[in-house]
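Here are my notes on the model, as numbered points. Please read them with the structure open.

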Amino acid sequence: CGQSTVRVDDSAARLDVIGSRLHRIVVFLTCSHLEGMPQIYQPSNQIKLTNVSIVRLKKGGKRFEIACYKNKVQEWRTGVETNLDDVLQISNVFTNVSKGEVAKTNDLDKAFGKIGVDEVVKEILKKGEMQVGEKERDHDLSALRKEIATLVAEKCQDPATGRPYAVGIIEKAMSEAGYSVKSDKTAKSQVSACLKQLQSDSSLPIQRVRMRIRVTMPSADGKRLREKVLADAETVEVDEMEQDGWEAILHIDPGQFRVINELLQKECKGKGRIETMPSAAT
């Protein structure tokens with residue numbers, strides 16, 4: 001029995017050696033075969049544009065394009081962003097961004113004059129048309145509409161209760177009034193126009209949140225100007241004339257703040273004062 005066991009073990013060892021040698025032969029033959037085959041290399045200088053917005057301008061019979069970071073174009077146009085490097089994905093002018101076709105210097109000079117690439121880019125940013133897909137355009141308009149509604153809700157209130165409206169209610173009123181969002185303008189710049197249209201074309205009673213102010217001036221000036229100041233107020237919370245001066249706490253339309261301030265500067269010779277106060281409305 002002992003001899004039989006030894007023979008089995010020897011046979012297994014020999015099989016392991018043979019298997020190992022066969023594996024080496026297969027690897028050698030495979031590598032030798034591959035040495036004669038052409039190798040495939042991945043380009044190391046390939047630029048992949050992601051999150052890109054293309055701005056296009058046609059001038060001098062040619063089309064010129066620049067590749068920008070999404071959302072940076074509008075920031076540049078509104079003055080929020082001033083660094084071109086933060087706006088452009090590639091600091092170059094193309095005839096076709098998608099194909100990577102760079103505009104020729106002669107074409108740029110003929111269309112824009114010899115003003116340099118940076119100045120050409122600035123003109124394209126200022127006057128060019130941003131290319132966006134239909135789905136992206138719808139998404140951007142929806143987001144802009146939501147932002148406008150949010151700003152209106154923050155600045156306005158129900159005239160009867162003095163309470164703010166929910167953003168959803170403002171959005172419904174915008175739809176009722178048929179308000180059209182301007183994609184080339186910021187949300188902040190559209191708030192006033194939106195509010196005016198809500199007041200004229202929707203059934204929602206709405207007004208700007210009233211500003212609560214405190215006005216003080218010497219008694220002599222108060223006697224002269226009291227009626228003019230109170231005429232600009234919607235409600236008068238305090239109206240007190242003392243020997244040392246006149247004080248009033250008023251609720252006004254925000255647009256009247258400048259009117260009253262200019263009146264005090266002109267008539268009180270630096271002795272009149274106007275200041276905003278926390279709103280008493282809840």
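1. Start with two helices. The axes of H6 and H7 cross at roughly 70° and come within 9 Å. That makes H6 roughly perpendicular to H7, a label for angles of 65 to 115 degrees, where under 35 would be roughly parallel, over 145 roughly antiparallel and the rest oblique. Axes are lines fitted to C-alpha atoms, for helices over the stretch in contact, and angles run from 0 to 180 degrees between N-to-C directions. Helices (H or I, at least four residues) and strands (E, at least two) are DSSP runs, numbered from the N terminus.

2. Handedness and contact of this pair. H6 and H7 cross in the left-handed sense; that is, the near helix is turned anticlockwise from the far one by less than a right angle, while clockwise would be right-handed. H6 contributes Ile170, Ala173, Met174, Glu176 and Ala177 to the contact, and H7 contributes Cys194, Gln197, Leu198 and Asp201. Contact means heavy atoms within 4.5 Å. By class, the contact of H6 with H7 has six nonpolar, one polar and two charged residues. Here Ala, Val, Leu, Ile, Met, Phe, Trp, Tyr, Cys and Pro count as nonpolar, Asp, Glu, Lys and Arg as charged, and the others, Gly among them, as polar.

3. Basis of the model. This is a predicted model: local features need pLDDT of at least 70, side-chain atom pairs count only at pLDDT 80 or more, and totals for chains, interfaces and linings use all residues. Residues are numbered from 1 along each chain as its sequence is written, and side-chain values use heavy atoms, with hydrogens and water left out.

4. H7 also packs on H5. Helix H5 (residues 134-155) meets helix H7 (residues 187-201) at about 70°, with the axes 9 Å apart. H5 and H7 are therefore roughly perpendicular to each other. Their crossing is right-handed. The contact uses Leu144, Glu147, Ile148, Leu151, Val152 and Lys155 of H5 and Ala187, Lys188, Gln190, Val191, Cys194 and Leu198 of H7. Its residues divide into eight nonpolar, one polar and three charged.

5. S1 (residues 52-59) pairs antiparallel with S2 (residues 62-69) over eight bridges; strands count as paired if DSSP finds at least two bridges between them. Val52 stands opposite Tyr69, and Ser53 opposite Cys68. Two residues lie between the strands of this hairpin, where Gly60 takes a positive phi near 60°. S1 is also joined to S5 (residues 129-131) by three bridges, again antiparallel. In that pairing Arg56 stands opposite Glu129.

6. The four-stranded sheet. This open sheet has the order S9-S10-S8-S11, with antiparallel pairing. S9 (235-242) and S11 (273-277) stand at the edges with a single partner strand each, so one side of each is left without a neighbour in the sheet. The twist averages 15° from one strand to the next. S8 (residues 211-217) and S11 share five bridges. One of the residues involved is Val215, with Ile274 as its bridge partner in S11.

7. Confidence. The chain averages a pLDDT (the predictor's confidence in each residue, from 0 to 100) of 83, and 80% of the residues score at least 70. Where pLDDT is low, the predicted coordinates should not be read in detail.
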